[in-house]
Amino acid sequence: MSVIPSWFGGRRSNVFDPFSLDVWDPFKDFPFPSSTSLSANFGENSAFVNTRIDWKETPEAHVFKADLPGLKKEEVKVEVEDDRVLQISGERNVEKEDKNDTWHRVERSSGKFLRRFRLPENARMDQVKASMENGVLTVTVPKVEEKKPEVKAIDISG
């Protein structure tokens, strides 16, 4: 019995076997790399390519946090472009193999990563700060202080 109708590209699966489902890639025919072609280009352990970054906005700043376990601050670059783009990039190298070593499992990811964020107009691009502690990169982009409208009391005559 088919769970997915044949008009979805002929993909068929068994309703009782969840592992028989084909994964549909909605971006398969677009010119940019899809998730499946990324894993083909970067190998089996390419999760590092998709580095997760949190972005929160406080009343004072935009704060970005990225988990980069095992990386030193020298292996990470934080750059700001003129058109309000914050770029965070880096690379984790594959551990060197020794002929006497026998690898049983390789699960830690390696490779390059690059993330770009277009910042809003209220970002102070000239005061960006970055720090790294315990494998967590924190980038702080202060916000321009919003000027509150000056309210002037008017005396009422009469």
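Does N134 count as buried or exposed, and at what relative accessibility? N134 counts as exposed, with 75% relative accessibility. Bear in mind that this is a predicted model.

**Aromatic pairs**
- Searching the whole structure turns up 3 aromatic pairs.
- Take F64 and F117: their ring centres sit 5.1 Å apart with the planes at 50°, so this pair counts as tilted.
- F64 belongs to strand 2 (residues 61–67) and F117 to strand 5 (residues 111–118), so the pair ties together parts 53 residues apart in sequence.
- F64 and F117 are both buried.
- W55 joins in too, as ring pairs link W55, F64 and F117 into a cluster.

**Nonpolar core**
- The largest nonpolar core holds 16 residues, and F64 is among those with the most contacts inside it, along with L68, I88, L119, L137 and V139.
- Strand 2, strand 4 (85–92), strand 5 and strand 7 (136–142) each give two or more residues to this core.
- Strand 7 provides the largest share, 3 residues.
- Beyond its neighbours within four places in sequence, F64 is in contact with a list of residues including I53, D54, L86, L119, T138 and V141.

**Positive phi in the loops**
- Most residues other than glycine have a negative phi.
- R84 has a positive phi near 60°, and R84 is in the loop between strand 3 (76–81) and strand 4.
- R84 is partly exposed, at 21% relative accessible area.
- N134 also has a positive phi, near 55°, and sits in the loop between strand 6 (129–133) and strand 7.

How values were computed
Residues numbered from 1 in each chain as written. Predicted model: local features only at pLDDT ≥ 70, side-chain atom pairs only at ≥ 80, totals over all residues. Heavy atoms only, no water. Phe/Tyr/Trp six-rings, centres within 6.5 Å; stacked < 30°, edge-to-face > 60°. Helix = DSSP H or I, 4+ residues; strand = E, 2+ residues; numbered from the N terminus. Buried < 20%, exposed > 50% of the residue type's maximum accessible area, 1.4 Å probe, protein only. Core = buried A, V, L, I, M, F, W, Y, C linked by side-chain atoms within 4.5 Å. Contact = heavy atoms within 4.5 Å.
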